[in-house]
Amino acid sequence: MSKPKRISKQNEYKYLQLGLNIAYYRKLAGYTQEELAEASNLSRSFISALESPSTIKPVSLESLFQLAEAMGIEAYQLIQFRD
């Protein structure tokens with residue numbers, strides 16, 4: 001088994017932006033973290049960690065697809081970062 005890769009400093013910002021986007025679209029859809037967790041078949045603690053501005057939480061494409069589907073958006077919207 002390989003070691004997990006360290007997240008580069010340049011990508012830390014992207015992970016934080018991803019978390020902000022998830023929180024934004026979750027609220028836009030009218031979900032609490034718990035409701036989104038149920039709708040996406042992910043745990044509330046996982047969603048909380050993704051949204052936390054003090055945590056860098058790697059996420060799989062499968063999880064992003066599940067989140068996007070549950071919120072009724074396209075997956076690319078979660079990684080569309082604004083300046």
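Which residues are buried in helix H3 (residues 44-51)? In this predicted model, the buried residues of H3 are Phe46, Ile47, Ala49, Leu50 and Glu51. The legends below begin with the overall fold and then turn to individual views.

**Figure 1. Overall fold of the predicted model.** The protein contains four helices and zero strands, and its pattern along the sequence reads α-α-α-α. The radius of gyration is 12 Å, close to the 12 Å given by the globule rule for 83 residues, so the protein is as compact as a globular protein of that length. The C-alpha trace spans about 35 × 35 × 20 Å along its principal axes. Of the 83 residues, 34% count as buried. Among contacts with a separation of 6 or more, 61% are made by residues 24 or more positions apart.

**Figure 2. Close-up of helix H3 and its buried residues.** Helix H3 covers residues 44-51, and Phe46, Ile47, Ala49, Leu50 and Glu51 are buried within this helix. The packing partners of these buried residues are H1, helix H2 (33-40) and H4.

**Figure 3. Close-up of the packing of H1 with H4.** Helix H1 comprises residues 9-28 and helix H4 residues 61-71; the two pack at an angle of about 25°, and their axes lie 10 Å apart. Angles under 35 degrees count as roughly parallel, and H1 and H4 are therefore roughly parallel to each other. The crossing in which H1 passes H4 is left-handed. On the H1 side the contact involves Leu18, Ile22, Tyr25 and Arg26, which meet Leu64, Leu67 and Met71 of H4. By type, the residues of this contact comprise six nonpolar, no polar and one charged.

**Figure 4. Close-up of the packing of H2 with H3.** The angle between H2 and H3 is about 115°, and their axes are 8 Å apart. This crossing is right-handed. From H2, the residues Gln33, Glu34, Leu36, Ala37 and Ser40 meet Arg44, Ile47, Ser48 and Glu51 of H3. The contact of H2 with H3 is made up of three nonpolar, three polar and three charged residues. Two of the H3 residues in this contact, Ile47 and Glu51, are also among the buried residues of that helix.

Figure 5. Asn41 belongs to the loop that lies between H2 and H3. The phi angle of Asn41 is near 60°, a positive value in a residue other than glycine. With a relative accessibility of 66%, Asn41 counts as exposed, because exposed means over 50% relative accessible area.

Figure 6. Gln17 is located in helix H1. The relative accessibility of Gln17 is 13%, and the residue therefore counts as buried, the cut-off for buried being under 20%. When residues up to four places away in sequence are not counted, Gln17 touches Phe81 and Arg82.

Figure 7. Leu20 and Ser52 are separated by 32 residues in sequence, and their C-alpha atoms are 8.2 Å apart in space.

How values were computed
Residues are numbered from 1 along each chain as its sequence is written. This is a predicted model: local features need pLDDT of at least 70, side-chain atom pairs count only at pLDDT 80 or more; totals for chains, interfaces and linings use all residues. Side-chain values use heavy atoms; hydrogens and water are left out. Axes are lines fitted to C-alpha atoms, for helices over the stretch in contact, and angles run from 0 to 180 degrees between N-to-C directions. Angles under 35 degrees count as roughly parallel, over 145 as roughly antiparallel, 65 to 115 as roughly perpendicular and the rest as oblique. A crossing is left-handed if the near helix is turned anticlockwise from the far one by less than a right angle, and right-handed if clockwise. Contact means heavy atoms within 4.5 Å. Ala, Val, Leu, Ile, Met, Phe, Trp, Tyr, Cys and Pro count as nonpolar, Asp, Glu, Lys and Arg as charged, and the others, Gly among them, as polar. The radius of gyration is taken over C-alpha atoms; the globule rule is 2.2 Å times the number of residues to the power 0.38. Buried means under 20% relative accessible area, exposed over 50%, partly exposed in between (1.4 Å probe, protein chains only).
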